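Good morning, colleagues. Please look at the model on the screen while I describe its surface, its helix packing and its salt bridges.

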Amino acid sequence: MAIKHGSKVDKSFSASSMTDLMFLLLLFLLIASTLINPNALKLALPQSANQLKDKAMTTVSIQQDGSRYNYYVELERVQGIEGVERALRARLGDRDDATVSLHCDKTVAVDEVVKVMNIARDNGYKLILATTPN
């Protein structure tokens, strides 16, 4: 008389569902990393060995377009240096601890940078000049 075993356990493992999950996770991370770009303007920032890790509340960008300059507060284009001051006052108000990050192209004249520095000083904002590491 032969004794038969009632059930046999299948020892194989299918990893296809695990592969699908890993692919979806990779796809999500790729899309999320491209969306995290605080400064969408293409600027060639000056280089510096010193880097501050201070968190800015808003950014001001200056871009040279031929003989004129384009000013941006965050990603919104403003008209002239007066528009920069109005936009900063609207965004930051009268805060004492407000920090502004200044992003300017290497080709921008120092006079334009000083104008933004004067706006920050007059309104009591702390100013950080954005640079790229050496």
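I begin with Met-18, which is found in helix 1 (residues 16-35). Helices here are DSSP runs of H or I with at least four residues, strands are runs of E with at least two, and both are numbered from the N terminus. This is a predicted model, in which local features need pLDDT of at least 70, side-chain atom pairs count only at pLDDT 80 or more, and totals for chains, interfaces and linings use all residues. Residues are numbered from 1 along each chain as its sequence is written, and side-chain values use heavy atoms, with hydrogens and water left out.

Met-18 is partly exposed, at a relative accessible area of 48%. Buried means under 20%, exposed over 50%, and partly exposed in between, with a 1.4 Å probe and protein chains only. Together with Met-22, Leu-25, Phe-28 and Leu-29, Met-18 makes a nonpolar surface patch of about 540 Å². Such a patch takes residues with over 30% relative accessible area and no salt bridge, and joins nonpolar side chains within 5 Å.

Turning to the whole chain, there are three helices and seven strands. Of the 134 residues, 31% are buried.

How are helix 2 and helix 3 packed? Helix 2 (residues 80-92) and helix 3 (residues 110-123) pack at an angle of about 35°, and their axes are 10 Å apart. The axes are lines fitted to C-alpha atoms over the stretch in contact, and the angle, on a scale from 0 to 180 degrees, is taken between N-to-C directions. Helix 2 contributes Ile-81, Val-84, Glu-85, Leu-88 and Arg-89 to the contact, and helix 3 contributes Lys-115, Val-116, Ile-119 and Asn-123. Contact means heavy atoms within 4.5 Å.

Lys-115 also meets Glu-112 in a salt bridge, at 3.3 Å from N to O. The term requires a side-chain nitrogen of Lys or Arg within 4 Å of a carboxyl oxygen of Asp or Glu. Both residues lie in helix 3, three residues apart, about one turn of the helix. Lys-115 is partly exposed at 38% relative accessibility, whereas Glu-112 is buried at 9%.

By this rule the count comes to four salt bridges. Another one joins Glu-76 and Arg-91, with the closest N and O atoms 3.4 Å apart. This pair links distant parts of the chain, from strand 4 (residues 76-78) to helix 2, 15 residues apart. Glu-76 is partly exposed at 47%, and Arg-91 is partly exposed at 40%.

Key:
Patches are made of residues with over 30% relative accessible area and no salt bridge: like charges are joined within 9 Å, nonpolar side chains (Val, Leu, Ile, Met, Phe, Trp, Tyr) within 5 Å. Accessible areas come from the Shrake-Rupley method with a 1.4 Å probe; for residues, only the protein chains shown count as cover.
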